[in-house]
Amino acid sequence: MIEVRDLLVRYGERTVARVPELDVRAGECVAIVGESGSGKTTTLLSLLRLTEGAHVSGTVRLFGVDVLRAPERRLRELRGARVALVMQSPQAALSPTTRLGVLMRRALRLHGVANASAVTEEALRGVMLDPAILRRYPHEISGGQAQRFAIALAVALGAEAILADEPTSALDVTVQAEVVGVLRRLREERGLALLLVSHDLALVSTIADRVLVMKDGEVVEAGPAAEVLARPSHPYTRELLEALP
Ligand SMILES: Nc1ncnc2c1ncn2[C@@H]1O[C@H](COP(=O)(O)OP(=O)(O)OP(=O)(O)O)[C@@H](O)[C@H]1O
Ligand SMILES: [Mg+2]
């Protein structure tokens with residue numbers, strides 16, 4: 001459902017991400033790991049053609065749609081509905097004066113989802129959020145809750161693939177682990193395809209089938225998560241592992 005070949009993202013003369021090959025099938029989880037500035041978010045955004053001002057080449061296929069060549073209308077059908085993007089700080093994207101419940105209702109109506117209340121309740125349960133959160137404003141919830149809310153929204157809209165950008169390292173490890181835990185369950189229960197971006201190789205190895213390690217815009221190592229963790233072949237991957245507490 002996600003198929004990437006020879007992806008190259010440049011801002012001006014500068015190459016910020018080069019990904020030769022990346023596939024994620026239904027029920028699979030692939031993680032992109034690397035230090036700050038290595039090109040993880042850029043890669044994620046380019047899969048939905050959301051890298052404004054960038055020059056992007058190669059092939060990206062999402063559910064059969066040729067993303068880099070499709071008309072904008074086809075992309076709008078994918079974004080938000082079939083393929084959900086959970087951003088690094090989703091709160092920033094939410095209207096500050098709109099309660100979460102209103103936001104959820106509007107999104108469901110826009111996408112023609114029936115039984116909105118029941119669907120919402122189930123989606124919130126799936127991410128372990130109390131329905132009382134629907135009465136809150138975006139600034140009244142934590143970063144981890146905002147990410148889980150974004151995931152619930154995706155689930156309620158019937159997303160089949162989730163592209164999730166890990167909360168910044170400032171967020172504490174237990175919050176990140178919570179988000180990963182929620183994604184793991186959803187993947188098992190609903191067969192979602194997951195593409196997860198993270199700094200933390202050990203954390204993603206608990207959920208990912210395969211891992212891509214990025215450094216300075218290049219994939220320096222790729223393979224089954226267990227193998228990469230047990231026998232990292234690139235010095236940079238070993239560095240990432242040694243940096244862990
Ligand atoms: N709109 C843009 N214009 C120019 N350069 C950009 C733009 N967006 C990102 N970059 C550059 O691309 C590189 C990769 O950035 P990216 O945000 O993908 O890194 P990242 O791996 O997600 O980092 P972090 O872990 O801090 O989120 C950085 O050097 C960044 O400065
Ligand atoms: Mg990023």
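Two residues are in contact if their C-beta atoms, placed from the backbone, lie within 7 Å. The model is predicted, with local features requiring pLDDT of at least 70 and side-chain atom pairs pLDDT 80 or more, while totals for chains, interfaces and linings use all residues. Residues are numbered from 1 along each chain as its sequence is written, and chains are lettered from A and ligands numbered from 1 in the order in which they are written.

**View 1. Surroundings of ligand 1.** The shell around ligand 1 includes Y11, V16, K40, T41, T42 and H199 (near: C-beta atom, placed from the backbone, within 6 Å). Helix α1 (residues 40–46) supplies the largest share of this shell, 3 residues (helices: DSSP runs of H or I, at least four residues, numbered from the N terminus). By class, the shell holds 2 nonpolar, 9 polar and 1 charged residues, with Gly counted as polar and Lys as charged.

View 2. In α3 (residues 100–110), L100, M104 and L108 are buried (20 or more other C-beta atoms within 10 Å of its own; exposed, 12 or fewer). Because these residues cover an arc of only 65 degrees around the axis, they lie on the same side of α3 (arc: directions from the helix axis to the C-beta atoms). Their cover includes α4 (116–126) and α5 (143–156). R109 and L110, on the other side of α3, are exposed.

**View 3. Contacts of L163.** Not counting residues up to four places away in sequence, L163 touches L44, L47, V83, L85, V86 and L195.

Definitions and conventions:
Helices (H or I, at least four residues) and strands (E, at least two) are DSSP runs, numbered from the N terminus.
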